[in-house]
Amino acid sequence: MRRKEKIIEFLLALAGAITVLTTIGILWVLLYESVLFFKEVSIVEFFTDTQWTPLFADKHFGILPLISGTILTSLIAIIVALPIGLSIAVYLNEYAHPKVRRTVKPVLEILAAIPTVVYGFFALTVVTPYLQTIIPGLAGFNALSPGIVMGIMIIPLISSLSEDALYAVPKSLREASYGLGATPFQTSFQVLIPAASSGIIVSVILAISRAFGETMIVAVAAGLEPRLTLDPTVPIATITTYIVQVSMGDVAQGSLEFKTIFSAGMMLFVFTFILNTISARVKKKFYHKYE
Amino acid sequence: MNNRLKNNLFKYWAIACTLFGIIMLGVFLVNIFVDGFGRLDWVFIKYLPSRKAENAGIYTAVMGTLWILGLTAIIAIPVGVAAGIYLEEYGKKSRFANILEINITNLAGIPSIIYGILGLEVFVRTAGLGSSLISGALTLSLLILPVIIVATREAIKAVPKTIREASYALGASKWQTISEQILPAAGGGIVTGVILALSRAVGETAPLIVVGALTYVPFVPQTPMDQYSVLPMQIFNWISRPEKEFAVNAAAAIIVLLIITFVMNGTAIFLRNRWQKKVKW
């Protein structure tokens, strides 16, 4: 009996250990292949060259254009998602009837359940043609359209998490504010949002991290052309779309071109890891705030 | 501007924001429905892919998706549920459990395409599995593992202490308590979480592109070692083509993909509600 219990515990722990192996695997793969990559390409060139053309005859290995594309599309997404998502959170928490809240929240969360390749289709066939009627010089592939659609996709992420944070603010604070004669608007913006700020910050950081790693929307609608620019109207590429492009092509495994996806992947991993670590720190602080 | 006016203005703005979200969802669904519904018939589902848009079907892609779904479920469910049980029931204060916990939070934040890179190096190249169904399923399993683990833990956490204590009081061992009392009581929550995780796997495209899922597969996979395509890959391929007819095909295939996703999500929510009603502590 005792023995059986021990064996079961060991097997369960083993299953848990697989998650640790996954992390170690990711780090090892990215580091190992990146080291091989940097034996052939200078790390200075990687961070300073303004062109990224590993698939062309005239090869340049500057990661900056991919980083600028990633930041540009993510920035557009956050500009769309933050004001809308936060307004929805405040509305559902402070204004809406509980019934409305119970219906609207799951409906919005459907937005997060739709596969991203479907959003890509939407960006390319609906949003881009529409934007072209407003912005005449807009290229068929651009950063603006996938950025906006990505923003729509992450609205529920921001609205749900921010609403949870607002909801978790102790009732006494809210009642004190109303007791002093404040309107719901004043209560929300001068009491609740400052009190829930760490939870809201966490939601925004997670949204940015999600946008950095988003692949299919950008792969479909942004054009796969690495370009060091912050102009949202021209074709660009991101770290993720470059990896997709190489994987779809007929690049020989083990070649220098092939290794570029690992060095690009390393950059993406580092960026999202930093963001996730910051959000975990903020979250830890937040949970101790009102206990 | 007085306070009441400000308050009302914000209220209308916030309602507009909420409606914007809902309307975009509506526009989105209606648009795809209008584009693709005419193309959607039994022939479209039963046909093999083709270079000609009007002859092309999604049969092999749908079969690939079902294969991936099944294999991923077989791999990810036992491992994920076991790890969840360990964390919630055994490893409470140990250092190992602490590391696991931080690690799982981190894993959940890693972009899916990075899992693709891991799968490419470990399963496709090192383990020599090639661009097969099993490589794809293993990669997606690692991707959804954190979701299943978190759902399992939440479900177990919701089981009241009294059940556990009653079981121990009757002389049951730890594993007997878990397998006979806790797991049946937490089953609804676990099943819900598992279905949501699998529905995420069905919609994933990026990691499968990296581990070598194909865009054109003229045969139905027969074994886990076969090459394959999946619905999202087929959709991506059709979207990337310049001809208008392929966009129509893409819309029709998207309808099928959305139906699968929504049915899975709907089932999960239905089961959760039913379970909540049935089990009253």
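This is a predicted model: local features need pLDDT of at least 70, side-chain atom pairs count only at pLDDT 80 or more; totals for chains, interfaces and linings use all residues.
Read from the N terminus, the elements of chain B simply go α-α-α-α-α-α-α-α-α-α-α. The C-alpha trace of chain B covers about 70 × 70 × 35 Å along its principal axes. Of the 281 residues in chain B, 46% are buried. As for how the chain folds back on itself, take the contacts in chain B with a separation of 6 or more: 75% of them link residues 24 or more positions apart.

Now to the place where the two chains meet. Chain A puts 65 residues into the contact, and chain B puts in 64 residues. On the side of chain A that touches chain B, helix 1 of chain A (residues 2-40) supplies the largest share, with 16 residues. Sorted by class, that side of chain A comes out at 44 nonpolar, 19 polar and 2 charged residues.

One helix pair across this contact can be looked at in detail. Helix 4 of chain A (residues 98-113) packs on helix 1 of chain B (residues 3-36), with the axes 9 Å apart and an angle of about 50 degrees between them. An angle from 65 to 115 degrees would count as roughly perpendicular and one under 35 degrees as roughly parallel; helix 4 of chain A and helix 1 of chain B are therefore oblique to each other. Their crossing is left-handed. From helix 4 of chain A, the residues involved are A:Val104, A:Val107, A:Leu108, A:Ile110 and A:Leu111, and they meet B:Thr18, B:Gly21, B:Ile22 and B:Leu25 of helix 1 of chain B. By class, this helix-helix contact has 7 nonpolar and 2 polar residues, with no charged ones.

Leaving out residues up to four places away in sequence, A:Val220 touches A:Val117, A:Gly120, A:Phe121, A:Ala123 and A:Leu124 in chain A, plus B:Phe236 and B:Ile239 in chain B. So the surroundings of A:Val220 draw on both chains, given that residues count as in contact when their C-beta atoms lie within 7 Å.

Note on methods:
Residues are numbered from 1 along each chain as its sequence is written. Chains are lettered from A and ligands numbered from 1 in the order in which they are written. Helices (H or I, at least four residues) and strands (E, at least two) are DSSP runs, numbered from the N terminus. A residue is buried if 20 or more other C-beta atoms lie within 10 Å of its own, exposed if 12 or fewer, and partly exposed in between; C-beta atoms are placed from the backbone. Two residues are in contact if their C-beta atoms, placed from the backbone, lie within 7 Å. Axes are lines fitted to C-alpha atoms, for helices over the stretch in contact, and angles run from 0 to 180 degrees between N-to-C directions. Angles under 35 degrees count as roughly parallel, over 145 as roughly antiparallel, 65 to 115 as roughly perpendicular and the rest as oblique. A crossing is left-handed if the near helix is turned anticlockwise from the far one by less than a right angle, and right-handed if clockwise. Ala, Val, Leu, Ile, Met, Phe, Trp, Tyr, Cys and Pro count as nonpolar, Asp, Glu, Lys and Arg as charged, and the others, Gly among them, as polar.
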